[in-house]
Amino acid sequence: MESLRKFVNDFEIIIADGGSTDNTLEICKREKAILIISGRGRGCQLNKGAKAASGEILLFLHADTLLPDDAFILLDEYFGKVENKICRFLLGFDVDHWLLDFYLSFSKYDSIFTRFGDSAIIVRKSLFEELGGFPNRSVFEDVEFFRKVTKNEKITILSSSVISSARRFMKNGVVKQQLINIYLFAYYFIGVSKNSITSIYNKKLKNIKKASLITFLRYPQLGKVKTRLAADTTKEFALHFYKECANKIIREIKKVSHVNKYVFYSDKEEKENVKNWLGKNFYYSFQDGNDLGQRMKNAFQKVFSHGAEKVIIMGTDIPDLSQEIIESAVNILTEVDIVIGPSKDGGYYLLGMKKMYNEFFEDIKFSTSKVLAETISIADKLNLQYSLLTQLNDIDTEKELKLWLETNSNTPIKKEIDFVYNLINGRIKQRCVHCGE
């Protein structure tokens, strides 16, 4: 609803509800949308919504799909020509993954295997009524409708992509969900009853990946990471420190099994560089929001919308963060509502939740020494059980770096960073291997 409100075009928003039991109806009333109560089944719902529409162009949009920013520019141009009658957008998902990207590459082709309502169906009302609307079924109503269309009309594919939720792929696994889709298509083609196909489609599979890990990072570039540390030392050292920490944490995360692993990058232009850097083990998404709190809230909301039962977020500048600590956080969330990894500067390096609580991201001034205390205070106000993990160093300044280097532990990453730090400060003599000077 929020994504549609940003468009200034004159259009109706019609919600065809098939008997929801959550707060969908309250949201519709609050947003002043036209609410149509229908029987269950997408075909039935879509037809009833179309019947209530007063416009000449119908745009059928799934509730988990967002239109591209230039949607109505493209639609105005397309339907400005009277001979144009039906189109769809390219398909996109709300996360990037190499297998999902591969599947999406076929969306630019028009075939029976790419004609789905996920891409949005936009059609002149006259053609829709002429064809008798959607068949009365819960799944493949879009495929059958498109099959009727293509007997006499060509389906145009517009140049921009909708963004659809990847939740089924996240819950069932990308490969398994694609196999399920193929299985359903096979049943459809051989004429298995629509009730049987619907039952298979709606069957809930066991979700072995109940937890999801979110890593916030930015692509390492000189002068753009650890700027406070760079001001105390050098830009080159700050970059080296960040890369060592980030690579170490990514290695630790890769060791954690039976979880979905997300990377949220800070700049849209970084996407391909980040994917090339970190590889195929992750789902990638952009940190959307005007400040850190909003970006974290949006990330949690997206991952919870994918069906996660536990969600944990962490950064990449905690050199002592380990597989054991991350796994401990996942396990502790079985017993409590919130898990927090406190950092020594008064903030936290990790936050985990079993349910979305917007309060933890609102009215908190992040990057201050009061973040941890305010987070705990909110947990107390909400009467939530929380657990604190081991306190670790979050290193943003040279002072914090020195304190960390002086601690007793002597890990490989500490040896590496200590060596480079002493090298730039002239504490280690360098000699030429050829002349000895």
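Good morning. I begin with an open sheet of seven strands, whose pairing is mixed and whose order is S10-S9-S8-S11-S13-S12-S14. Its edges are formed by strand S10, residues 283-286, and strand S14, residues 386-388, each of which pairs on one side only. From one strand to the next, the twist averages 20°. Please keep in mind that this is a predicted model.

Within the sheet, let us look at one pair of strands. Strand S11, residues 310-314, is joined to strand S13, residues 348-353, in the antiparallel sense, over four bridges.

Helix H15 covers residues 323-332 and runs at about 145° to S11. Besides S11, helix H15 lies across strand S8 (211-217), strand S12 (338-342), S13 and S14. Helix H15 also contains Asn331. Is Asn331 buried or exposed? Its relative accessible area is 52%, and exposed means over 50%, so Asn331 counts as exposed.

Next, the nonpolar cores. The largest has 39 residues, and the members that touch the most others are Ile214 and Phe360. Leaving aside residues up to four places away in sequence, Ile214 touches Tyr262, Phe264, Ala299, Phe300 and Val303, together with Val311, Ile312, Ile313 and Met314. A second, separate core has 32 residues, among them Val256, Val259, Met314 and Leu389. In general, nonpolar side chains tend to be buried together in soluble globular proteins.

Finally, I step back to the protein chain as a whole. How many helices and strands are there? The chain has 18 helices and 14 strands. Its C-alpha atoms fill a box of roughly 85 × 60 × 45 Å along the principal axes. Of its 437 residues, 47% count as buried. The chain exposes about 23000 Å², and carbon and sulfur atoms supply 49% of that area. As for contacts with a separation of 6 or more, 67% are accounted for by residues 24 or more positions apart.

Thank you for your attention.

Definitions and conventions
Residues numbered from 1 in each chain as written. Predicted model: local features only at pLDDT ≥ 70, side-chain atom pairs only at ≥ 80, totals over all residues. Heavy atoms only, no water. Pairing = 2+ DSSP bridges. Helix = DSSP H or I, 4+ residues; strand = E, 2+ residues; numbered from the N terminus. Axes fitted to C-alpha atoms, helices over the stretch in contact; angles between N-to-C directions. Contact = heavy atoms within 4.5 Å. Core = buried A, V, L, I, M, F, W, Y, C linked by side-chain atoms within 4.5 Å. Buried < 20%, exposed > 50% of the residue type's maximum accessible area, 1.4 Å probe, protein only. Areas by Shrake-Rupley, 256 points an atom, 1.4 Å probe, with all protein chains shown as cover.
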